[in-house]
Amino acid sequence: LNKYEQTILEGWEDTHKKSQLSLWILLALREGQKHMAEIKSFITVATSNTLTADDKSMYRALRRFSEAELIGHTTAPSDNGPDHKVYSLTRTGTNVLKTFLDRNIIPVFYTAPNKQLIERGR
């Protein structure tokens, strides 16, 4: 890519990654209870290192989800400092995530015509 194309791509990727963070946090918690570092690690591994989140973004998202009653937390001892907050999906969080996936992910990315569109775009 030339410099202009690289700038355009980086801006698009930044916006895309910010919008993806919510989905990946909830998917991480769907797999089980996790503290923030475990959620970050899950996201990094699940997205093959293409999506990472800074602590500030993570705390902001976790607080927003907690206020919306999508997640809850308990505390657990830490080996090297203060107790960890261990997050989990609430029933509401599970229902919202499932409905989001059914409306916005499965019918968009898991259809044969759209898979072909994506492959042609590569």
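What volume does the largest pocket have? I noted a volume of about 570 Å³ for the largest pocket. The model is predicted, so to speak by its record: local features need pLDDT of at least 70, side-chain atom pairs count only at pLDDT 80 or more, and totals for chains, interfaces and linings use all residues. I used a 1 Å grid over the protein atoms alone, on which a pocket is an open set of points where a 1.4 Å probe fits, with protein on both sides within 12 Å along at least five of seven lines, and a lining residue has an atom within 4 Å of a point. The volume is the space filled by probe spheres set on the points, which are joined across faces, edges and corners. I found that 18 residues line the largest pocket, and that His16, Gln20, Leu23, Trp24 and Phe109 are the closest to its centre. Helix H1 gives the most to this lining, with ten residues, and helix H4 (91-109) also supplies at least two. By class, I noted eleven nonpolar, five polar and two charged residues in the lining of the largest pocket, where Asp, Glu, Lys and Arg count as charged, Ala, Val, Leu, Ile, Met, Phe, Trp, Tyr, Cys and Pro as nonpolar, and the others, Gly among them, as polar.

I read about 320 Å³ for the space in the second largest pocket. Its lining has 15 residues, of which Lys17, Lys18, Leu21, Asp54 and Ser57 are the closest to the centre. H1 again gives the most, here with seven residues, and helix H3 (55-67) supplies at least two. The lining of the second largest pocket divides into eight charged, four nonpolar and three polar residues.

**Entry 3, the sheet.** I took helices (H or I, at least four residues) and strands (E, at least two) as DSSP runs, numbered from the N terminus, and I counted two strands as paired if DSSP finds at least two bridges between them. The sheet is open, with three antiparallel strands in the order E1-E3-E2; E1 (34-35) and E2 (71-78) are its edge strands, each pairing on one side only. Seven bridges join E2 to E3 (residues 81-89), and I noted among the partners Ala76 with His84 and Thr75 with Lys85. Two residues lie between E2 and E3, which form a hairpin. E1 is joined to E3 by two bridges, and Lys34 stands opposite Tyr87 in E3.

I placed Lys115 in helix H5 (residues 112-121). Leaving out residues up to four places away in sequence, Lys115 touches Phe109 and Tyr110, with contact meaning heavy atoms within 4.5 Å. I also noted that Lys115 and Val96 lie 19 residues apart in sequence and 25 Å apart in space, C-alpha to C-alpha.

Note on methods: Residues numbered from 1 in each chain as written. Heavy atoms only, no water.
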